[in-house]
Structures are given as C-alpha cells and as structure tokens.
Amino acid sequence: MSDIQKIIEGNRQWAERTRTNAPDFFAAIAEQQSPDYLWIGCSDSRVPANEIVDMLPGDIFVHRNVSNLVLHSDMNCLSVVQYAVQVLKVKQIMVVGHYGCGGVKAALEDTPLGLIGNWLRHIRDVAMKHKAILSRCTTEENLLDRLCELNVLEQSYNLCNTTMVQEAWRSGQQLEVNGLVYGLDDGLLQELNFCNDEPDGVETRLAEAVEAVAALCR
Ligand code: CO
C-alpha cells in the first residue's frame, strides 16, 4: 500500500468508527463550528492539539507554527486570532509550548539554519531579553526547559498586546489568554501562571510568571 493509500484507508476507518459511535456526528458538525478555544501551538508532530486535551473535531480552533510564535507582523497567525476572536468569539486562547522543542533548541545553537534561522531569531531575542535568568542554568537541559517556558510567556504576552485581543477586552468581550507547556515524556500540560482576561496588569503578571520560571533555574 502506498503512503497516500495508507492515509486514505486510515481516514475511512476513522470516519466509520466515528459514525458508529455517534451516528449524527458529521451531520451536526457540518452545519457550523462554534469552538470555545483557540490553540496556538508548535508544529511538532508529537503535540496534536485535539488529542492532548481529549477534544473532538469542532471543539478547538488551531494554529500551529514552529515553536508556537506569536509575532506582530505574522499575518497568518494574526488572521487566525482575528477570526477566532471576532467571528468565532472563542473564550480561551492557549499558547502551548512544549519541552524538548527542536526550534527552541536550534535557536540556541550557532549552526547556520537558512531561512528558518530568521524565524527562530525571535527565540534568540527572548533568550537575550532573559539572559540574566538563563545564565543561572547549569545544565543544557535546564536551560532548554526554562527557555521553552519563557518563550511561551513572551508569545502569550505578544498575543495579549495584539489589536484584536486588546479591542476584545476593551469592548467587554469575555476572553482569557493562557500560557501552557506540554511534557513530551508524561503527556501533561502545565500552566505557567500567566492567565490574562483584562488589559490592566499584563506586564505585572508577566514579571511574576517570569520570576516563577527563574526560580526553576538549576
Ligand atoms: Co516544538
């Protein structure tokens, strides 16, 4: 069986299984989507959004890129955020990083990477900003873990400062922005204590969350 046949066959079996479990599932979901959540995560194949939080198709709007970056000039990510906030009116946006992130690791190395080096440069900027904290890490593993966490915090902070999130908060729309990190080795999501549902105090909450990460430097 060729690779694409394997994919099609897998899809047939999944659709069949889903129909058996819930005969009306596809009819209901084809009408419209109304997810309450937006997931902004890493493209890493080991971090599939729906499966990790045990949700079905229709439950979660997803944007993934290498190392879960939220950049003020990335029209792809910003368009997803706009649609999610203004049209779908999601109530929760999660920025989800993961330990052992290849992009974060590559950003710390000096090897020339070509085009993606420009993308990962943003993680180097995060590392530069927090170099005093990161200099306290005595092992490479600890350094990588802390930078994965700091990257989630900084990307969540960027998200809080997008025009869409700011406008939503100003107009009284219910919207929470959270930073989470996923463990490849235990399958668990952890909060990074950076939970935002209003524009006031974002900087203070960021500083507190960064301090909590700093306390984990070994
Ligand atoms: Co990754």
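Reader: Leaving aside neighbours within four places in sequence, which residues is Val-81 in contact with?

Author: This is a predicted model in which local features need pLDDT of at least 70, side-chain atom pairs count only at pLDDT 80 or more, and totals for chains, interfaces and linings use all residues. Residues are numbered from 1 along each chain as its sequence is written, and side-chain values use heavy atoms, with hydrogens and water left out. Contact means heavy atoms within 4.5 Å. With neighbours within four places set aside, the partners of Val-81 are Leu-38, Ile-40, Leu-159, Thr-162, Met-164 and Val-165.

Reader: Which residues touch the most other members of the largest nonpolar core?

Author: A nonpolar core is a set of buried Ala, Val, Leu, Ile, Met, Phe, Trp, Tyr and Cys residues joined through side-chain atoms within 4.5 Å; buried means under 20% relative accessible area, exposed over 50%, partly exposed in between (1.4 Å probe, protein chains only). The largest such core has 53 residues, and those touching the most other members are Leu-38, Val-81, Ile-93, Leu-153 and Leu-159.

Reader: Which residue stands opposite Ile-40 in strand β3, and what is the partner of Val-95 in β4?

Author: Strands (E, at least two residues) and helices (H or I, at least four) are DSSP runs, numbered from the N terminus. Opposite Ile-40 stands Val-95, and the bridge partner of Val-95 in β4 is Gly-179.

Key: Two strands pair if DSSP finds at least two bridges between them.
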